[in-house]
Amino acid sequence: MNQQSPEFIKLLTDAQSMLYAYIASLVGSSELANEVLQNTNLVLWSKAEEFAMGTRFASWALGIAHFEVLTARKKLARDRHVFSPALIDKLAEESGTTAQASGERQRALEQCLAKLPAAQRKIVQSHYADQQTANDIARAMGRKAPAVRQMLHRIRLALTECVDRELSTTGQS
């Protein structure tokens with residue numbers, strides 16, 4: 001696959017938060033995590049031709065990130081706070097599983113949000129993206145705050161059930 005293909009760019013862009021979470025869990029420093037993420041992105045970009053579309057991008061990207069963490073670790077070998085290779089491997093295994101699951105949950109949530117009626121999506125958008133309180137939303141809707149809180153509660157329950165269904169359909173729960 002060409003690194004400039006829209007599909008590859010989307011896969012790479014969508015994987016950024018998962019990769020950062022994975023790397024940060026292994027290196028412990030946000031500064032080093034950002035550096036390793038940059039190096040990982042460079043390697044992913046340079047090896048784009050090796051990626052076969054239709055295969056699991058997350059697994060491939062996490063594998064490369066793992067090697068970049070090990071490379072960064074070698075550079076810091078004199079630091080007494082550096083993890084052993086065995087611990088890095090164990091953390092990588094656990095963190096990789098968690099990061100992939102998190103990415104899959106995020107995609108399922110996005111699909112479920114798209115299925116909500118427009119009015120409910122607006123409430124979710126106002127509360128979570130725009131960081132409005134239930135009182136703010138209630139005022140804007142001409143409703144009482146407890147009613148808005150109840151709506152948010154019901155929407156969250158519906159989204160949780162929907163995400164669980166989506167993940168069980170794809171075998172990812």
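**View 1. V69 in helix α4 of the predicted model.** This residue sits within α4, the helix that spans residues 57–75. V69 has a relative accessibility of 2%, and because this value lies under 20%, V69 counts as buried. V27 and V69 are separated by 42 residues in sequence, while their C-alpha atoms lie 7.2 Å apart in space.

**View 2. The buried face of helix α7.** Within α7, which covers residues 134–141, the residues A134, I137 and A138 are buried. Viewed down the axis of α7, these buried residues fall within an arc of 100 degrees, so they line one face of the helix. In general, an α-helix has 3.6 residues a turn, so residues three or four places apart point the same way.

**View 3. The exposed face of α7 and the residue that follows the helix.** R139 and A140 are exposed, and they are carried on the face of α7 turned away from its buried side. G142 follows α7 and has a positive phi, near 70 degrees.

**View 4. The chain as the setting for these close-ups.** The chain holds eight helices and zero strands, and its elements, taken from the N terminus on, run α-α-α-α-α-α-α-α. Of its 173 residues, 35% count as buried, and the accessible surface of the chain comes to about 10900 Å², with 54% of that area belonging to carbon and sulfur atoms. Among contacts between residues at least 6 apart in sequence, 61% join residues at least 24 apart.

How values were computed:
Residues numbered from 1 in each chain as written. Predicted model: local features only at pLDDT ≥ 70, side-chain atom pairs only at ≥ 80, totals over all residues. Heavy atoms only, no water. Buried < 20%, exposed > 50% of the residue type's maximum accessible area, 1.4 Å probe, protein only. Helix = DSSP H or I, 4+ residues; strand = E, 2+ residues; numbered from the N terminus. Arc of directions from axis to C-beta. Contact = heavy atoms within 4.5 Å. Areas by Shrake-Rupley, 256 points an atom, 1.4 Å probe, with all protein chains shown as cover.
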